[in-house]
Amino acid sequence: MNWLPRPAEGCAWVAPSVLSADFSRLAEDLQSMTAAGADFLHLDVMDGHFVPNITFGPFICTALRKLSTLPLDAHLMISRPDNYLEPFAKSGIDGLTIHVEADADIPSTLARIGELGMKRGISLKPGTPLETILPYLDQVDLILVMSVEPGFGGQVFNPVALEKIAELDRLRGTEGREYLINVDGGINGETGPQCREAGADILVSGSWLFGAPDRAERVRILNR
Ligand code: DX5
Ligand code: ZN
């Protein structure tokens with residue numbers, strides 16, 4: 001298990017979303033992100049049912065594990081995550097995030113993710129109220145706040161995420177919890193620092209990072 005604690009005050013970890021990588025030259029592209037100072041890799045798994053797009057599953061995660069030593073955090077945008085937990089664990093990834101809107105028994109799925117040796121994450125769409133995940137705050141290692149409708153890279157940031165991040169940060173402070181707050185969708189040099197100031201620990205960024213002329217410069221902008 002390869003993971004990171006909460007970042008220093010005022011800083012955030014940077015998680016490039018592999019969805020925006022060039023899959024015809026994945027090894028070089030991921031190497032370049034590592035050299036640029038990325039802290040995690042964010043893997044977007046889509047099933048064409050939970051979201052209107054299809055990407056990859058555990059088979060490609062196994063290949064990605066061989067290409068990078070960074071912590072690998074998979075974001076499952078799939079309807080039945082409970083059916084695929086073992087293959088994802090075997091692929092060697094470090095964290096597995098399920099959606100609260102998925103068709104699964106959330107507490108038992110989170111428990112199983114932990115038993116399989118992975119960090120437990122829960123995510124919610126921009127239109128899903130924060131109250132839906134409050135019952136699970138003691139059973140997760142990270143919370144992934146979606147700032148776009150899941151399914152595609154390159155969309156515009158929805159500021160509703162800022163309120164959710166701030167509230168999750170407040171709840172963490174008052175109730176002594178240690179989960180990481182992760183934000184995903186439309187993160188760039190303007191929205192990233194806003195999320196960091198609101199209390200986010202990990203900034204996921206796809207198109208803005210992979211499309212950069214100088215990736216290291218953009219990673220630094222998000223880091224602090
Ligand atoms: C959207 C994915 C995101 C996406 C982010 O469903 O979960 O991780 O790749 O891409 P950008 O940063 O381009 O919005
Ligand atoms: Zn994602």
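Two parts of this structure count as being in contact when their heavy atoms lie within 4.5 Å. With that in hand, welcome to this predicted model.

**Helix H2**
- H2 spans residues 58-67, and its buried residues are Pro58, Cys61 and Leu64.
- Viewed down the axis of H2, these buried residues fall within an arc of 105°, so they line one face of the helix.
- Phe59 and Lys66, on the other side of H2, are exposed.

**Helix H1**
- Leu26, Asp29, Leu30 and Met33 are the buried residues of H1.
- Their arc around the axis is only 95°, which puts them on the same side of H1.
- Among the elements covering them are strand E1 (13-16), E2, H2, helix H7 (207-210) and helix H8 (215-223).
- Just after H1 comes Gly37, with a positive phi of about 105°.

- Distant parts of the chain are linked by one pair, Asp44 in strand E2 and Asp184 in strand E7, which are 140 residues apart.
- Asp44 counts as buried because its relative accessibility is 4%, and Asp184 is buried too, with a relative accessible area of 8%.

- E7 is mostly covered, with 5 of its 5 residues buried.
- In a regular strand, side chains alternate between the two faces of the sheet.
- Both faces of E7 are covered: Leu180, Asn182 and Asp184 are buried on one side, and Ile181 and Val183 on the other.
- Strand E6 (residues 142-146) pairs with E7 in the parallel sense over 5 bridges, and Met146 stands opposite Asp184.
- Together with helix H5 (residues 160-175), E6 and E7 make a right-handed β-α-β unit.
- E7 also pairs in the parallel sense with strand E8 (residues 202-205), over 3 bridges; here Val183 stands opposite Leu203.
- From E7 the chain crosses through helix H6 (residues 191-198) to E8, and this β-α-β crossover is right-handed.

Methods
Residues are numbered from 1 along each chain as its sequence is written. Chains are lettered from A and ligands numbered from 1 in the order in which they are written. This is a predicted model: local features need pLDDT of at least 70, side-chain atom pairs count only at pLDDT 80 or more; totals for chains, interfaces and linings use all residues. Side-chain values use heavy atoms; hydrogens and water are left out. Buried means under 20% relative accessible area, exposed over 50%, partly exposed in between (1.4 Å probe, protein chains only). Helices (H or I, at least four residues) and strands (E, at least two) are DSSP runs, numbered from the N terminus. The arc is that of the directions from the helix axis to the C-beta atoms. Two strands pair if DSSP finds at least two bridges between them. A crossover is right-handed if, with the strands pointing away from the viewer, the path from the first strand over the helix to the second runs clockwise.
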